[in-house]
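Reader: I would like to go through this structure with you. Could we begin with its interior?

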Amino acid sequence: GKTEIYIRLIEEALKLGKSSIMLVPEISLTPQTVDRFLSRFGEEKIAVLHSKLSVGERYDQWQKIERGEAKIVIGARSAIFAPVKDLGLIIIDEEHDDSYKSEMSPRYDTKEIATYLAKENNVPVVLGSATPDISTYYKAQNKEIELLELTKRANKSELPEVEVVDLRNELASGNKTMISKPLYEAIEENLKNKKQTILFLNRRGFSTFIMCRDCGYTAKCKNCDITLTYHLKENKLKCHYCGYETEALNVCPECKSKNIRYFGTGTQKLEEQIKEIFPQATTIRMDVDTVTKKNSHEDILKKFKDDNINILIGTQMVVKGHHFPNVTLVGVIAADSSLNIDDYRAHERTFQILTQVAGRAGRGKDKGKVIIQTYNPDAFCIQYAKKQDYRIFYDTEIHIRKQLRYPPFCDIMLIGISDKYYKNVESVSKSIYEDIKAKIKTKNLPIILYKPVPAPIDKIKNKYRWRIIIKCKIADNIIDEINETINKINKKDVRVVVDLNPTNML
């Protein structure tokens, strides 16, 4: 599909003596992309850049690019900064992906940098996605960028059949496992036919939180206001925000009761249940915990493909771009985990994830099947993901965004204030708010300003967090005024970060 088009575009650039940058969202996609490019272009012309390289390896690749030997640079978002000679083309695959925006300093949006570089060098940028970012597609609809559509799947393979299972009915019929009856039957059928299955659950660990059933105590991180996740293999409780870990609990530290219950589900627990239900099946897991070592992404995916392992269980790493011809079944264990987040893009993210994961099924000669398990079967993003119809989803979502004044109809500026002392955070937040409020009146700034409030996760790494949200159409005068406000506030050690159209509202 898309990759073949990218390869042919790069061939055209090479004929003109030009270099290309090819970006992918996840490191796990890099090996697969590299393999396909190596078979077409040979090793000498290609350089690979991503965060799992050692300093020495990164240096060697950088030098290769700087000397002009590497005409094709493949990598994750930071590869956009590669010192490419004679740039002729930039390709951003899965352009809707959040990972193209850096959440840490320096904060940058890869797509903006690509656009800037393209203008400077007078070269095209190609954005590719089966589920484009709403704002990107809006620009295409308004002829700001050109829209090119692929109407057929590669090799003319059919779209998979999608079934939505209402988990409320499963509960009512007494099924308390993570696998619904339709999914159980489909896995069984797949095992019989020697076909492979991918099970997707966007949560790692064994249980999402631990609670005492007598007094209601929940085990929380001592540095962050977030519940600890239980990891079975190490028998430890871990914080997925700061890395804090502690021994698992058998006795409640508050009331000394032994009535401790592990709630929620993660990939580890799913793997345990699959082994119980299908003891004959071979399984492999792919999440942040299993890919810590170098090349572990490649090893897991290679093992799944070469050893024809029956079931791959994973988080969103398994959703994107992978090509496994023998996978005919994809099960989404809980479609609601991305739907119930405090973010205006919750529907968009859910639709994207479901459509992307559905795209992993039936890529070979056999027809694929997708089973989506959810407690919200009527949510429009789930219904349209079932139809795999991006246009109808876009038309519904853009209408809602226009009514509520969300991007692309405005920009969202999030001012994040954090410090280890709560009082400091509160006073700095209020000072910034009052100053901007005064400027709106005196300078007639076209801004919608919301009062400062604690962030949804109001403490991470021992720092309290508040936020101020601003809606506006970003312009130089607004940026100047906000900068002036922040620079003149007496901040002491308080950290203030301004994020434009953030990918994470938490």
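Predicted model: local features only at pLDDT ≥ 70, side-chain atom pairs only at ≥ 80, totals over all residues.

Reader: Which residues does isoleucine 198 touch?

Author: Leaving aside residues up to four places away in sequence, isoleucine 198 touches Phe304, Leu312, Val318, Phe324, Val327, Leu329, Val330, Gly331 and Arg360.

Reader: Turning to helix 10, how many of its 13 residues are buried?

Author: Twelve of the 13 are buried, and helix 10 is thus mostly covered. Among them are Phe351, Ile353 and Leu354, along with Glu348 and Arg349.

Reader: What do the buried residues of helix 10 pack against?

Author: They pack against helix 5 (134-141), strand 7 (196-200), strand 15 (327-332), strand 16 (369-374), helix 11 (380-387) and helix 12 (390-404).

Reader: What span should helix 10 have at 1.5 Å a residue?

Author: Its 13 residues, 346-358, should span 18 Å, and the end C-alpha atoms are 18 Å apart, so the two values agree.

Reader: Now the open sheet of five strands: what is the strand order?

Author: The order is 2-3-1-4-5, with parallel pairing. Strand 2 (46-49) and strand 5 (125-128) are the edge strands, each pairing on one side only. From one strand to the next, the twist averages 15°.

Reader: Which residue in strand 3 stands opposite serine 20?

Author: Isoleucine 72 does. Strand 1 (residues 19-23) and strand 3 (residues 72-75) pair in the parallel sense over four bridges.

Reader: Which strands does helix 1 lie across?

Author: Helix 1 (residues 2-15) lies across strand 1, strand 3, strand 4 (87-93) and strand 5, and runs at about 170° to strand 4.

How values were computed:
Residues numbered from 1 in each chain as written. Heavy atoms only, no water. Contact = heavy atoms within 4.5 Å. Helix = DSSP H or I, 4+ residues; strand = E, 2+ residues; numbered from the N terminus. Expected span 1.5 Å × (residues − 1). Buried < 20%, exposed > 50% of the residue type's maximum accessible area, 1.4 Å probe, protein only. Pairing = 2+ DSSP bridges. Axes fitted to C-alpha atoms, helices over the stretch in contact; angles between N-to-C directions.
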